[in-house]
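I opened the model to look up two things.

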Amino acid sequence: MKTSRIPGFYKKSVSERREVLKDLHSFTEEEAAALYAEAPLTGATADNMIENVIGTHPLPLGLGLNFQINGKDYIIPMAIEEASVVASASHIAKIVRNAGGFTAESTDRVMIGQIQVVGAPDLQKAKSTLLEARDQLIQGANDAYPSIVARGGGAEDLEVRILNESSESKYGQMLVLHLYINTCDAMGANIINTMVESIAPVVEDLTKGKVYLRILSNYADKSLASARCVIPPELLETGSYSGEEVRDGVVHAYEFAAMDPYRAVTHNKGIMNGIDPVVIATGNDWRAVEAGAHAYAARDGHYGSMTKWYADEEGNLVGELELPMSVGIVGGATRIHPMAKLSLGMMHIESARELAQVIVSVGLAQNLGALKALVTDGIQKGHMALHSRSVAIAAGASGEMIDVIAEQLIEEKEIRVGKAKELVEQHKK
Ligand code: NDP
């Protein structure tokens, strides 16, 4: 990757953008074919992925530009239907780039498999028996999936929890075994599920209880990724607001989200606006990432902001985001969906940990994009201008008429379908 700065990219046509991208990358023939295909995911492949297939459901794929993370440039594919997300991410990435770029980190990819045991006659005894059998259980799990061990991963540790030990709640008592598994570059759901299912009979035998659930936890809090940016206020200045005003507004907006779940949900939705499109573009399981992220935002027993924004001693705006990030660069749809292969190739991603770092960086950028707009002009100005094309199409405009109607809607400051329909009718006459 040479650079993620491509000035004027947004002004080009779709085919010009494809050519620019092709020039920047040494795409394989297969990747180039996917880039130019109108329907890269064929019905035949789709039919092998899920049940009762009747077609495919494409989303626009745009590029988040200007990203620099740990000194490396990334052109980031984002699959999303919502206008203004890609533009906003690219805008903030440019600001952060001028401030030295994002720094990002991630833990080892340790995922959790859970085994639920009910009806053990003595919970404490069952717990200590399982802990004493630690090595046997880990070995059993690894024997069920030797290839991940050969890759340097596999089951590494376990923990046993007793839920509702003092029998105080309306729910039953139970024992839960957590198996910690390094899934290397895979998200790992199938690896984990195979392992926990394989040792369940031994767990039953050891605890004298009955095993019910044997499945991964999507609360992947041992597979974390974090991103950080430090922005001098002068880079935040806009036409009518000083950089300090923008910085202070962002910090106040963060504090609002940190305290208030009504605000936090919307604040965090804005973060997921950046995260989901990359997770989807790379063929990863966005439901798993969403579920884990929101649970992590409530880890203190209170649902709050996923990000943190504050001013440091030099007056810079500092942003931080840490989330569980159970994504892979192998497995699932990552190597089946042609656009996922293309997306991963485009970013020159070498490991699942690196992908996780990129994804949280986009989430952090997206959050600042939304907050910066909210504390200055308000979200509608930029959003509705970009949304105007979709409104024009929804009102029946096609071809060249789309831009004409969209511009008229912006000019008349009335970006709604009803107004667009009137304009379309006038144009048809
Ligand atoms: P796969 O089942 O496709 O497994 C990934 C496989 O890739 C590994 O088992 C390994 O097999 C191979 N592989 C090749 N190179 C590597 C490498 N460097 N690191 C690790 N593995 C490598 O995918 P996952 O187990 O990741 O499962 C993900 C899928 O499971 C997603 O589609 C998800 O939607 C789905 N799922 C999610 C659930 C949930 O979130 N609750 C539940 C069930 C399924 P080998 O070593 O043999 O080559």
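I take a polar contact as a pair of N or O atoms within 3.5 Å; within protein, one must be able to donate a hydrogen and the other to accept it, and residues adjacent in sequence count only if both atoms are side-chain atoms. This is a predicted model: local features need pLDDT of at least 70, side-chain atom pairs count only at pLDDT 80 or more, and totals for chains, interfaces and linings use all residues. Residues are numbered from 1 along each chain as its sequence is written, and side-chain values use heavy atoms, with hydrogens and water left out.

I found a polar side-chain atom of Asp285 2.7 Å from an oxygen atom of the ligand. For Tyr145, a polar side-chain atom sits 2.5 Å from a ligand oxygen. Met187 uses a polar backbone atom, 3.3 Å from an oxygen of the ligand. The protein buries 70% of the 940 Å² that the ligand exposes when taken alone (Shrake-Rupley method, 1.4 Å probe).

**Shell.** I listed 21 residues around the ligand, each with a heavy atom within 4 Å of it. Domain 1 (9-107 + 223-377) and domain 2 (110-217) both give residues to this shell, so the ligand lies between them. The bounds come from an automatic or database domain assignment. Helix 8 gives the largest share, four residues. Helices here are DSSP runs (H or I, at least four residues), and strands are too (E, at least two), numbered from the N terminus.

**Backbone.** I noted a positive phi of about 50 degrees at Asn70, which is not a glycine. Asn70 lies in the loop between strand 1 (61-69) and strand 2 (72-79).
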